[in-house]
Amino acid sequence: MDLILASTSPYRQRLLERLQIPFRCESPNTDETPLPGEAPAPLAARLAQAKAAAVAARHPEALVIGSDQVASLEGALLGKPGSHLQAVAQLEACSGKTLHFYTAVCLLGPGIDKTHTEPFTVDFRALEREEIENYLRKDTPYDCAGSFKWESLGVALFERLTGNDPTSLEGLPLIALCRLLAESGHPVLSKTPSSSGSNSES
């Protein structure tokens with residue numbers, strides 16, 4: 001199986017590496033501009049599908065994984081901050097509020113076209129400006145939607161996390177991906193021949 005991750009994100013690459021299956025990465029080079037009035041969950045699904053389709057068009061025999069994450073605060077989309085000042089503004093806006101994440105994964109290949117969107121919510125505690133400044137300078141999450149890395153020091157910002165798959169918060173919902181791979185005939189924990197020739201679980 002030629003498995004391609006339609007992303008150059010180091011976060012998604014490290015996540016997929018947890019499954020211990022061979023894959024390679026390729027940039028999809030897709031336009032991620034939201035459509036007018038597009039809701040967060042459909043936007044995430046559309047972009048995940050677009051990324052997978054862009055790479056699948058170049059490699060029609062491969063199995064391609066596309067993924068996208070959209071963060072929404074009180075109906076407004078939050079992108080990657082890109083700078084310290086913008087990150088401060090995002091965390092000040094999130095202070096004491098709930099941030100909604102929608103992370104979509106698409107699996108596309110010959111006879112395979114599956115998409116799943118995983119919701120996850122983050123409840124922030126009330127944050128002081130000094131806490132925000134100290135956090136950002138230590139964790140530098142300027143390439144992360146919502147301006148935090150929950151798997152790192154960002155966990156100190158929260159009251160609670162709510163959802164079924166914490167890996168979705170990092171950018172690639174692995175539980176859903178494992179299910180899609182299994183449904184497509186490529187289970188992650190597949191049977192492999194043992195040295196004696198019989199089958200055993202790996």
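Visitor: Which side chain makes a polar contact with the side chain of aspartate 68?

Guide: The side chain of lysine 51, at 2.8 Å. Keep in mind that this is a predicted model.

Visitor: What does UniProt place at Asp68?

Guide: The record, an unreviewed entry, gives the feature "active site" there. Such annotations may be inferred rather than shown by experiment.

Visitor: Where does aspartate 68 lie, and is aspartate 68 buried or exposed?

Guide: Aspartate 68 sits in strand 3. Buried means under 20% relative accessible area. Aspartate 68 has 4%, so it counts as buried.

Visitor: Which residues is aspartate 68 in contact with, leaving aside neighbours within four places in sequence?

Guide: Among them are Arg12, Glu32, Lys51, Tyr102 and Thr103. Ala44, Leu47, Ala48 and Ala104 are also in contact with aspartate 68.

Visitor: Arg12 belongs to helix 1. How do I read a helix with buried residues?

Guide: Start with the geometry. An α-helix has 3.6 residues a turn, so residues three or four places apart point the same way. Now the case here. Helix 1 covers residues 10–17, and Tyr11, Arg12, Leu15 and Leu16 are buried in it. Their arc around the axis is only 130 degrees, which puts them on the same side of helix 1.

Visitor: What covers the buried residues of helix 1?

Guide: The cover includes strand 1 (3–5), helix 2 (40–58), strand 3, helix 5 (167–170) and helix 6 (174–183). Look at the start of helix 1 too. A side-chain oxygen of serine 9 comes to within 3.2 Å of the backbone nitrogen of tyrosine 11.

Visitor: Which residues are buried in helix 3?

Guide: His84, Ala87, Val88, Gln90, Leu91 and Cys94. These residues span an arc of only 165 degrees around the axis, so they lie on the same side of helix 3. They pack against strand 3, strand 4 (76–78), strand 5, strand 6 and helix 4. Just after helix 3, glycine 96 has a positive phi of about 70 degrees.

Visitor: How do I read the strands?

Guide: In a regular strand the side chains alternate between the two faces of the sheet. Then check the pairing. Strand 3 and strand 5 are antiparallel, over nine bridges. Glutamine 69 stands opposite threonine 103 in strand 5. Strand 5 also pairs with strand 6 in the antiparallel sense, over 12 bridges. Here cysteine 106 has threonine 115 of strand 6 as its bridge partner.

Visitor: How many residues lie between the strands in the hairpin of strand 5 and strand 6?

Guide: Two. Glycine 111, in that hairpin, takes a positive phi near 75 degrees.

Visitor: How many of the 12 residues of strand 5 are buried?

Guide: Nine, so strand 5 is largely enclosed by the rest of the structure.

Visitor: How do I read a nonpolar core?

Guide: In soluble globular proteins, nonpolar side chains tend to be buried together. Here the largest nonpolar core has 21 residues. Leu99, Phe101, Phe124, Phe148 and Leu157 touch the most other members. Strand 3 (63–73), helix 3 (84–94), strand 5 (98–109), strand 6 (112–124) and helix 4 (129–139) each give two or more residues to this core. Helix 3 gives the most, with four. A second, separate core has 17 residues, including Leu3, Leu15, Leu107 and Leu181.

Visitor: What does phenylalanine 101 touch, not counting residues up to four places away in sequence?

Guide: Its partners include Val70, Ala71, Pro119, Phe120, Val122, Ala145, Phe148 and Leu169. Gln69 and Glu118 also touch phenylalanine 101.

Definitions and conventions:
Residues are numbered from 1 along each chain as its sequence is written. This is a predicted model: local features need pLDDT of at least 70, side-chain atom pairs count only at pLDDT 80 or more; totals for chains, interfaces and linings use all residues. Side-chain values use heavy atoms; hydrogens and water are left out. A nonpolar core is a set of buried Ala, Val, Leu, Ile, Met, Phe, Trp, Tyr and Cys residues joined through side-chain atoms within 4.5 Å. Buried means under 20% relative accessible area, exposed over 50%, partly exposed in between (1.4 Å probe, protein chains only). Contact means heavy atoms within 4.5 Å. The arc is that of the directions from the helix axis to the C-beta atoms. Two strands pair if DSSP finds at least two bridges between them. A polar contact is a pair of N or O atoms within 3.5 Å; within protein, one must be able to donate a hydrogen and the other to accept it, and residues adjacent in sequence count only if both atoms are side-chain atoms.
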